[in-house]
Amino acid sequence: MTTISIEADPAPIEIDLAKTAFVIIDMQRDFLEPDGFGESLGNDVSLLRTAIAPCATMLNWCRGNNALVIHTREGHRPDMTDAPLAKVQRGSPSMRIGDTGPMGRILIRGEAGHGIVDELAPVDGEPVLDKPGKGAFYQTDLELILRNRGIDALLVAGVTTEVCVHTTVREANDRGFRCIVLGDCCGSYFPDFHTTGLKMIAAQGGIFGWVSDSTRFLSAAA
Ligand code: C5J
């Protein structure tokens with residue numbers, strides 16, 4: 001057991017590193033790469049790409065210290081039988097899930113855009129969860145994996161802060177996992193949503209969890 005205390009908002013938090021997993025949400029080409037789906041919708045992907053380097057540093061630490069790393073990808077089966085109509089019909093008719101975008105069919109498993117960016121590519125032994133929804137617990141075996149490994153705290157990273165990161169943190173919090181969201185490892189196309197999204201997690205005494213960053217985590221773990 002190695003217990004560390006991480007500086008965080010609203011207060012420092014103690015975690016046992018043996019019971020902690022690093023969960024990286026949806027760092028997929030379609031959201032992060034120039035020429036991806038996100039950029040084709042007019043978004044500035046550089047706002048998300050700032051999260052890549054801190055995530056890579058965290059990955060490196062986790063791999064060197066035998067910490068559980070879990071990657072998620074948002075997307076659907078090629079026949080889209082797992083995609084609710086209400087989700088598919090959202091947005092502009094020319095840019096919907098399953099349509100052909102700059103890197104293949106949008107949010108469809110197996111397409112180039114659905115893959116995780118090269119800088120954060122999963123390695124053997126790191127579970128990769130394909131999720132049909134925004135939350136990483138919905139219709140996946142994430143909870144089973146975490147319980148089987150005795151995990152009680154999550155270091156959470158990924159995109160976007162206010163959508164899939166937030167949904168996952170809320171789901172995890174309701175299941176009794178303590179979430180420490182690493183703000184510099186997250187990103188949003190809307191800077192004010194990123195800032196407010198992080199504030200919402202730590203507000204009211206940490207209503208959904210704690211907010212810290214990779215620097216504060218790494219200095220606690222050193
Ligand atoms: C994620 C989205 N990953 N914004 N998806 O946040 O649709």
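**Exercise 1.** Decide whether Gln139 counts as buried, partly exposed or exposed.

Solution. Begin with the cut-offs: a residue is buried if 20 or more other C-beta atoms, placed from the backbone, lie within 10 Å of its own, exposed if 12 or fewer do, and partly exposed in between. Gln139 counts as partly exposed because it has 13 C-beta neighbours inside 10 Å. Next, look at the backbone, where phi of Gln139 is near 60 degrees, a positive value in a residue other than glycine.

The model is predicted, and local features need pLDDT of at least 70, side-chain atom pairs count only at pLDDT 80 or more, and totals for chains, interfaces and linings use all residues. Residues are numbered from 1 along each chain as its sequence is written.

**Exercise 2.** Work out how Asp35 is classed, and where Asp35 is found.

Solution. Asp35 counts as partly exposed because there are 14 C-beta neighbours inside 10 Å. Asp35, although not a glycine, has a positive phi of about 80 degrees, and it is found in the loop between helix H1 (29–32) and helix H2 (37–40).

**Exercise 3.** Find the form of the peptide bond that joins Val159 and Thr160.

Solution. Read omega, which is about -15 degrees, so that the bond is cis by. Then locate Thr160, which lies in the loop between S8 and H7.

Terms used: Helices (H or I, at least four residues) and strands (E, at least two) are DSSP runs, numbered from the N terminus.
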